[in-house]
Amino acid sequence: MWILGSSTYGAQLAAWFGLPYAFAYFFSDGAGAEEALHAYHSQFKQPGPEAPPRRAAVTVFALAAETEEEAQYWAKSRGAFWAMRNRGLYIPLPSPEEADQMGFSEAEQAQMQMSLSRNFIGTPEQVAERLHRLGRDLQLDEIAITTAVYDPAVRTRSYELLARAFGLT
């Protein structure tokens with residue numbers, strides 16, 4: 001059993017009960033991850049009954065493509081989805097073309113760019129390097145990846161490219 005959280009409270013709860021903790025990095029583009037994982041590591045005393053030793057993980061949004069430009073193109077859908085959600089509109093994931101025509105303000109476009117920059121988007125090598133760094137910085141045992149993109153074939157290809165970059169094929 002793991003505790004999945006997106007706050008320091010969830011991390012403290014996992015540490016208190018001696019359970020593994022997974023931070024939902026993709027919910028908040030990583031905001032609060034460092035603090036939550038520090039709390040988990042520093043407050044974990046001993047594993048709970050039938051629990052493994054301390055284990056920490058994050059779930060991130062990651063998208064790899066053959067080129068950085070292609071990855072950025074497909075990531076537009078995620079940026080537009082979150083911008084619309086910030087407006088209070090819960091829409092299906094738009095295509096990149098639809099995202100380009102949604103009429104976002106300059107402030108929304110800047111927010112989308114900042115948000116996407118906190119995700120793991122690029123070539124397989126770029127994404128793998130950033131994920132390795134994240135793992136070291138946050139003392140992670142595992143990293144899970146979610147890739148919500150408009151085209152399922154792009155998601156599958158991203159997983160293939162990342163698996164190869166991590167030597168998992």
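Start with the largest nonpolar core, which holds 26 residues. Select Tyr 21 and Val 58, the residues with the most contacts inside this core. Keep in mind that the model is predicted.

Next, color the elements that build this core. α1 (8-17), β2 (21-23), α3 (33-43), β3 (56-64), α7 (124-138) and α8 (152-165) each give at least two residues. Now move to another core, which lies apart from the largest one and has 10 residues. Select Ala 65, Trp 74, Ile 121 and Val 154, which are among them. In soluble globular proteins, nonpolar side chains tend to be buried together.

**First helix pair: α1 and α3**

Show α1 and α3. How far apart are the axes of α1 and α3, and at what angle do they pack? The axes are 8 Å apart, and the angle is about 15°. Angles under 35 degrees count as roughly parallel, so α1 and α3 are roughly parallel to each other. Their crossing is right-handed.

Select Thr 8, Ala 11, Gln 12, Ala 14 and Ala 15 in α1. They meet Glu 35, Ala 36, Ala 39, Tyr 40 and Gln 43 in α3. By class, this contact of α1 with α3 has 6 nonpolar, 3 polar and 1 charged residues.

Now show α7 and α8. Their axes come within 9 Å and cross at roughly 65°. This crossing of α7 and α8 is right-handed.

Select Pro 124, Val 127 and Ala 128 in α7. Across from them, pick Leu 161, Leu 162 and Ala 165 in α8, which they meet. Which classes make up the contact of α7 with α8? It has 6 nonpolar residues, no polar and no charged ones.

Definitions and conventions: Residues numbered from 1 in each chain as written. Predicted model: local features only at pLDDT ≥ 70, side-chain atom pairs only at ≥ 80, totals over all residues. Heavy atoms only, no water. Core = buried A, V, L, I, M, F, W, Y, C linked by side-chain atoms within 4.5 Å. Buried < 20%, exposed > 50% of the residue type's maximum accessible area, 1.4 Å probe, protein only. Helix = DSSP H or I, 4+ residues; strand = E, 2+ residues; numbered from the N terminus. Axes fitted to C-alpha atoms, helices over the stretch in contact; angles between N-to-C directions. Left-handed = near helix turned anticlockwise from the far one by under 90°. Contact = heavy atoms within 4.5 Å. Nonpolar A, V, L, I, M, F, W, Y, C, P; charged D, E, K, R; others polar. Parallel < 35°, antiparallel > 145°, perpendicular 65-115°, else oblique.
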